[in-house]
Amino acid sequence: MKFQLMAGLASLVMLGASASADEIVFDGFPDFNSHLDVLIPDYEETHPGVSISYRMNQHGDHHKKLTTNLATGSGAGDVVVVDVSFVGSFINAGGFENLSSPEYGADAMGEDFVGYAWSQGKGADGNQYAIPVDIGPGVMYYRRDLAESVGADMEQVITDWDSYIEYGRKLKEKNVYLIADAADVAQAIIYTTVKDGEGYYFDEDGKPLVTSARFVKAFEVAKRIRDEGLDGQIQAWTNEWYEGFKSGTVATQLSGAWLLGHLQNWMAPDTAGLWGASNLPDGIYGSWGGSFLAIPKQAKNKKEAWEFIKFLTNTSHAQLAGMKNIGAFPALTGTYGDAAFEEPIDFLAGQKARLLFAEVANKVPAVAPRKGDLIADDLIIRGALYEVLNDGKAIEAALRDAERLIKRRVK
Amino acid sequence: MTKLVRVLPRVSMQAFLLVSVCITIFPFVWVAMMGTHSRSEIYSSPPPFYFGTRLLENYEKLLEVMPFWTVLGNSLLVSVLGTIVTVLFCSMCAYGFFAYEFRGKNIVFGVMVASMMVPPVLTLIPFFLTVKFLGILDTHFALWFPSAANAMGIFLVRQYMVTSVSRDLLDAAKVDGASDFRIYWSVVLPLIKPVLATLAIITFIALWNNFLMPLIVISSPEKYVLTLALRSLQSVANTPWGAVMLGTFMSMVPLLIAFLFFSKQMMAGLTAGAVKG
Amino acid sequence: MSITGSQIDGVAVATAPAARKRRSSTKFWKKKLMPWLFISPFIFLFLTFTLFPLLFSVYLSFQEWNPVAGLSSMQFVGVANYELALTDPWLWQSLYNTVWLAVVSGVPQHLLAIPVAYLLVTGLRGGLRHFYTAFMFIPYITSTVAVSLIFFSIYSANSGILNQMLLGLSDLPVFSWFFSWVPEAMPIRWLTSSDLLKPSIAMVVIWKYTGFNIVVYSAGFLTVSRDLYDAARVDGCNRWQQFWHVALPMIRPFIFFAVTLTIIGNLQLFEEPFVLTQGQSGGVAQAGLTASYYLYLVGWQWLEMGSAAAISWILFIFIAIATSVHFYFNGRKGLGEDR
């Protein structure tokens, strides 16, 4: 029995040891596969001898696997996708190739990309470790029919948070929620009103900023919305959330531009023409989501991997294809002049929304990620904020407690 | 009246079982129903609790997004091989703990029980290192072999031996001159068939539904197992949920078949009657 | 306890003629090695696949390590990880949640599974029994994705089946008195209020694992022979007494096994709370944050593996204490050492 097992073991080992030389393996999460299915044939045609395969895993699983691979120095693909929420902690750890080095010369491309996204891919040492492949400029989607029914002018509604809340009060009389979850508002304010030189949660010396005016204001606005009963207390990505969009019981949603694709394709396809997109309220500019491409140091085929990354990120062809195929908004600014941006979008009642997205993308301020951002994010957005909104904890106390927890963890 | 007294417990028992079955079978039926709807239909509120019309469409989509039958074959291979070896190993070890007194027995048993208590989330990275060191990365072998003599299985079989194998019988067999292995194989194993079937059920399901190990061990798509393949499709983005639900449902069917098969073996022990009484 | 082989052998060696001594001595060693031969699969697999990860995580708990930076980036920090963990309010909160959930979701599993298994084994025959057992086992084989989809629909505040059912009950004439509070309390937020999150998770855990225990207990009741029931019936025992005085004592080793498994499994509870809180740091006010969940968060989200390792060993000690107490009080009978 044992002998057979060992023999089986040996033969399996030999099977596993074959890999060809100019094969590029791309590790990512869906919907990159739909994107690659279209682009890989194009690329292989113009680059004879190169073959590209991909491995997809669910978003969280992909990052868990990537963490394991980076930790153990083996198993990662040649090109890996990193989500914006992880990029800060991944690129500073030394597991990726320095793309600013002469072999790659990424710095020369910097000008071509949306500023804030480009700087998110920079490590603390000023070198580029990850290249933005898609971004999520933040906008507010709103139901036109609901706005009309209360006679609201959206330009006026988004003037500031007071006018936004005022709009909510009018909607409430018609039993319509202003927004699915008030927490989104707090998150938007926290992420978008960062002062120059500050990080999201920490100042230059690494001291937490969470008791500063920015956070207090964010919490206050969200709490006002919650206390007046203007939000639906609906969790994102649940059936109730989708139902709110379908049935018109929720009037606005702050989100990345990519939500459009979801609304249109499956969340609420029957509501075409009833939607509009505008800037975020109170004149803020921010982003939701975005992905980066990087080359792990352990990659076998770095040179070809870099060529493929350049193709995916730095050619209008690939960037525009991403927008068309999977609704991934381009990070390459050169594409914004393309005719596709002038196209009216039927789902948004003919609005030329991509121009708005591009305008937002160029105005989002650059904020460098700092060590501890992930921890602070959990403690503030998913800890303190929900204590305030759902359990009625006092804002100052919640923020002070969170600050103490952050200081313990992040040194 | 007396008839009522006799019938009532029976009726209420049936009613109770029926209600519990309705509660437990609910997800199975629902998953089956969701496999016949499109994504927008699944994600309406309340979700549809009836069969839809998109079964064929979902099936075609499923085959388009993953090699379903290959992947199912991989899962079968891992689960069947793993179950056979696990049942063999666990019953051997359990017999070792049950039939002998030896120095260090309590320590080994203690270590074994303690090894169940280590939270598995954390041992992922060192496990990966081990598998890599042994050169069995990206093999199915690495999915079922490491857990083939697991503490839970050994413990379960041992407990069954305690209740159903009498020591007099072992001693009698020894007096008859049977070798140790013969006693284990021809005397004890036939007596503990029900627990072997129980262990087979649990092992089969654990291997079938295992997800974390395949995630870090398997990298070639043609070696994916069902859990991994189905999960790798999921994202907030473009997931064909109807197809995924159909795949989920279809992946539960072999489990149910395996269950019915083994539970038949298990219940067979009832009519055979236990030795110890 | 029966006389073991080696003891018999020892006597034989002492009285045997010198010529046979050598053969007996190899036999003696064979006898001595025999039990180790039988448990060798466990020893081999434990040494190959389990021991190193264990030692690694002990070592890790004294290091500071961001896994993304690779193995070489570990830094020795002494007991700092343990100090940090032991004074961490989230850890204590999570341990409290873990114990709460272990008890509330653990006890009903057995109180349900034992009688149901008994009914299935003694009260039903043939095919019907198979199908009932199979159906009751379904929750255990349902994949996590399906579980989360289903329970989000059941618990959903505005349109969930559970709330609709409660509302329906409050309209019925008989039940309305009991459920008159329902319309006022609507919408009940099962998964987004800190008071209800834990009970909601516990329901799912009970629903999922009771079937597993039913199967284990069914195997147990199968060891009770018909003769015993017959004898009890002759002595004038009714069905209840047969269950209580005949069947239950017989399956004590199974109860012991299943309870051990529940203690260990429930104190490591991770998947259900994780899924039902959408991985959002344990839900509102961390009411659903279990210890395993927390160490996952620290290790894999916050990328502080050393700190997570320390938490995992603290949790290990917790589980070890609970299991030891259980072994201390129930072990003699549970392990069958009185037989």
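How many residues of chain C are in contact with chain B, and how many of chain B with chain C? I looked this up first. I found 77 residues of chain C in contact with 75 residues of chain B; contact means C-beta atoms, placed from the backbone, within 7 Å. On the side of chain C that touches chain B, helix 6 (residues 126-141) of chain C gives the most, with 12 residues. I sorted that side of chain C by residue type and got 52 nonpolar, 21 polar and 4 charged. Here nonpolar is Ala, Val, Leu, Ile, Met, Phe, Trp, Tyr, Cys and Pro, charged is Asp, Glu, Lys and Arg, and polar is the others, Gly among them.

A note on the source. This is a predicted model, in which local features need pLDDT of at least 70 and side-chain atom pairs count only at pLDDT 80 or more, while totals for chains, interfaces and linings use all residues. Residues are numbered from 1 along each chain as its sequence is written, chains are lettered from A and ligands numbered from 1 in the order in which they are written.

Next I took chain A as a whole. I logged 17 helices and 9 strands; these are DSSP runs numbered from the N terminus, helices being H or I of at least four residues and strands E of at least two. The C-alpha box along the principal axes is roughly 75 × 55 × 50 Å. Of the 411 residues in chain A, 54% are buried. Buried means 20 or more other C-beta atoms within 10 Å of the residue's own, with C-beta atoms placed from the backbone. Among contacts in chain A with a separation of 6 or more, 76% join residues 24 or more positions apart.

Then I went to strand 3 (residues 79-83) of chain A. Because 4 of its 5 residues are buried, strand 3 is largely enclosed by the rest of the structure. Strand 1 (residues 23-28) of chain A runs parallel to strand 3, with 2 bridges. Pairing needs at least two DSSP bridges. A:Asp27 has A:Val80 as its bridge partner. Strand 8 (residues 287-294) of chain A runs antiparallel to strand 3, joined by 4 bridges. There I found A:Ala294 opposite A:Val80.

Last, I checked B:Val188 in helix 10 (residues 180-191) of chain B. B:Val188 counts as buried because it has 22 C-beta neighbours inside 10 Å.

Conventions. A residue is buried if 20 or more other C-beta atoms lie within 10 Å of its own, exposed if 12 or fewer, and partly exposed in between; C-beta atoms are placed from the backbone. Two residues are in contact if their C-beta atoms, placed from the backbone, lie within 7 Å.
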